[in-house]
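Please find below a briefing on selected secondary-structure elements, prepared for use alongside the sequence and the model.

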Protein chains: 2
Amino acid sequence: MQEEGLILRKEVAKLAGVSEATVSRVMNGARPVREATRRKVLEAAERLGYVPSALAQQFARKRSGNIGVIVPYVPKVRLFSTYYFSEILSGIGEAAQQRGYDMLLMFRSPYEARDYERLYRTRKVDACVMLGSQDTPGELEALARLAEADHPFVLVNQRFDGAPFGTVEADHEQGGYEATRHLLGRGCRRIALLNGPLVYSNSADRLTGYRRALAEAGLPADPGLCYAGNYSRTSGAAAAPALAEAIAQGRVDGVFAANDRMAIGLLQGLRERGLLPGADVALIGYDDSEAARLTEPQLSSVAVPFHALGVRAAQRLLGRTADGSPADDASPVLVEKLPVQLVARASSLTYTPSV
Amino acid sequence: MQEEGLILRKEVAKLAGVSEATVSRVMNGARPVREATRRKVLEAAERLGYVPSALAQQFARKRSGNIGVIVPYVPKVRLFSTYYFSEILSGIGEAAQQRGYDMLLMFRSPYEARDYERLYRTRKVDACVMLGSQDTPGELEALARLAEADHPFVLVNQRFDGAPFGTVEADHEQGGYEATRHLLGRGCRRIALLNGPLVYSNSADRLTGYRRALAEAGLPADPGLCYAGNYSRTSGAAAAPALAEAIAQGRVDGVFAANDRMAIGLLQGLRERGLLPGADVALIGYDDSEAARLTEPQLSSVAVPFHALGVRAAQRLLGRTADGSPADDASPVLVEKLPVQLVARASSLTYTPSV
């Protein structure tokens, strides 16, 4: 394969009347070449049917130069427009760009079996970042197969406890704990949790942190105060009627929503019902997205370093240099947890309990 | 190359004691295979050093299965977090996913010459969508070379007048016209334009529309009322001191900002100076991003179908079916313009001229 490539390059060089190095320069575009020379080489290559061969090189070197990013496919959801994904993708993209890698975005099909191995076998990617993985048996099995075959990958913001998968996440248990502690500090005693699906470890972690804070304050974790959303704004708005009633009846005085989108949907739904977060109830979101600073009142939240999660995941896979050395998945720890930070704003700060 | 592949597949089949079709099934993952069979085939392939060969197939078929998306690389700007790019990317991603294509994101290097041809020569991509192109001689030349070599590409939201490039954009001249007409209808007579750089045809188009509306109303287009931003929120905030002074002195009674980010930066800067859009000045943004509904007052804007632009661009390149037929760049028109729509909200609707 490689030899065949060399012979052909020689022939192109001969026909074009240039050196083999010049042919390479034209083909790999690494350095500028005079336009006349470039045309001569390309014409010779075309006449000989020479397949200029980064692909052949990749084939020989066994590298694609692509970092794969597996993202969930959710019809009608504009993935890139969600703060969570867009920030992580920006981080991965930045790290990839610095290392001369391109980013191959692949949608995880909801219909087919997950054959991640195939992406490596066919050299579409050298390594993969997994976004939006869910803790399901099928996913666990697919990832275990990858790990067994020693294909480098890193999960972002999803942990499979007990499985030996490289993971970069944020400390969401601490986040849930601090959000709840903050509401307790504002005088709230009947705190509702509007959470996302528990197939995501980060939802389960927020719940654990919420319960820990309540237990420390000597308060029971009332299952009747746990509301199930799906991280969309619509699901936050859908929780508004029940929560508005609970607030009006004094059964709820604080709400911790597991992301800002749900918090904003809820905020708008409460306002439509004449209840203002910050006055009638204390509200805190999660993510500290740009939108949290735009609502009226501004939304308290928990800042998650999504961009840094993306950078870190790509760094672990691509190594710290751009010299083409093999992917470095060796990290001091298998699961890295980056810290989160409480950001208090008017939606909780201006609240005073009525009792 | 292809023959070599066939011979090897036969050997793998023989060693594994299965049919060649089974080897293919394992390798291309198209249909489920019993786990034991799968392992036998993979072991045989490994022993023989068989390179399972979607890459070889791509090489033979001359297709990569990737649609390239060229995006500008701007350090420190989180590209995916901007409404404009995230919506277009969602549209391209949706259309690509439906056609079985993956999306290869590539950053346009600010430092190197643009050699887009190389992406096709090396079979990294079958077709490309160009985002954030600027009307500069270098870019024009690079694109002309692509067009000459018959490599399929489509520009999104950037037009090169007189060049034969496939383009999908929105009618920004009409958008600028309608935004300005709306402010005139609110009683404004001294309308400032906070525009983006004119290397983008869509900035130039908004300016043309703005001037047309003023001319129709018998008003001069005062160059002193044109402010230069760069589409960032910061650049909107930076225009606030000068605009606040002009508003306070009665030299400006309406502002058309060429995107919502600049409008929001300006809105915040004006509020800090005690001026409230909707009361002291009429303000309209552009894009109708989610943020426009979150500000206080809510921001008037012009809705641009960014998601549809992305879908349409990918459709033109990939054709309407997923059967692997050659890319179809044949469109009834070379430059498609999708319509925009005015969305009036409080930032302009509640304004009443004082005179």
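Strand β6 (residues 191–195) of chain A is largely enclosed by the rest of the structure, because five of its five residues are buried (under 20% relative accessible area, with a 1.4 Å probe and protein chains only). This is a predicted model, in which local features need pLDDT of at least 70, side-chain atom pairs count only at pLDDT 80 or more, and totals for chains, interfaces and linings use all residues. Residues are numbered from 1 along each chain as its sequence is written, chains are lettered from A and ligands numbered from 1 in the order in which they are written, and side-chain values use heavy atoms, leaving out hydrogens and water.

**Strand β6 of chain A**
- Ile191(A), Leu193(A) and Asn195(A) point one way from β6(A), while Ala192(A) and Leu194(A) point the other way.
- In a regular strand the side chains alternate between the two faces of the sheet.

**Pairing and crossover**
- β6(A) pairs in the parallel sense with strand β8 (residues 254–257) of chain A over four bridges (pairing requires at least two DSSP bridges).
- Gly254(A) in β8(A) is the bridge partner of Ile191(A).
- β6(A) also runs parallel to strand β7 (residues 226–228) of chain A, joined by three bridges, and Leu194(A) stands opposite Tyr227(A) in β7(A).
- The β-α-β crossover from β6(A) through helix α9 (residues 201–216) of chain A to β7(A) is right-handed (clockwise from the first strand over the helix to the second, with the strands pointing away from the viewer).

**Helix α12 of chain B**
- Buried residues of α12(B) include Met262(B), Ile264(B), Leu266(B) and Leu270(B).
- α12(B) is followed by Gly274(B), whose phi is positive, near 80°.

Technical notes. Buried < 20%, exposed > 50% of the residue type's maximum accessible area, 1.4 Å probe, protein only. Helix = DSSP H or I, 4+ residues; strand = E, 2+ residues; numbered from the N terminus.
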